[in-house]
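Trainee: I would like to go through the aromatic side chains and the surface of this model. Can we take it step by step?

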Amino acid sequence: MAIDLKSIDTIFDRAEKDGRAFLFEPEVYEMLKAAEFQTPKFKFVKKGQKVRVKDLAGFRTPGLVLKIVAPYI
């Protein structure tokens, strides 16, 4: 197992630069992937972006769960 420590450090650095003392759920998934753990499929859509058909094509399921990522929800 080769843990990608550089990617994990980048995730922590990004949160720190944003003034956060916490990680968002998609960031935790990124960290787990960098440590070679299995994670659920997910697609993070940034504020102002639209979800496109190609964003959802890899899920191959008739239903999805929508989660809101925000620091105060």
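Trainee: Is F22 buried, partly exposed or exposed?

Mentor: First, the basis. This is a predicted model, where local features need pLDDT of at least 70, side-chain atom pairs count only at pLDDT 80 or more, and totals for chains, interfaces and linings use all residues. Residues are numbered from 1 along each chain as its sequence is written, and side-chain values use heavy atoms, without hydrogens and water. Buried means under 20% relative accessible area, exposed over 50%, partly exposed in between (1.4 Å probe, protein chains only). F22 has 35% relative accessibility, so F22 is partly exposed.

Trainee: How many aromatic pairs are there?

Mentor: Rings of Phe, Tyr and Trp (its six-membered ring) pair if their centres lie within 6.5 Å; planes under 30 degrees apart are stacked, over 60 edge-to-face, the rest tilted. By this rule the count is two.

Trainee: Which geometry do F22 and F24 show?

Mentor: Their centres are 5.6 Å apart.

Trainee: Is F24 buried or exposed?

Mentor: Look at the relative accessible area of F24, which is 19%. Because of that value, F24 counts as buried.

Trainee: Which geometry do Y29 and F42 show?

Mentor: The ring centres of Y29 and F42 are 5.1 Å apart. Their planes are at 45°, so by the 30 and 60 degree limits the pair is tilted.
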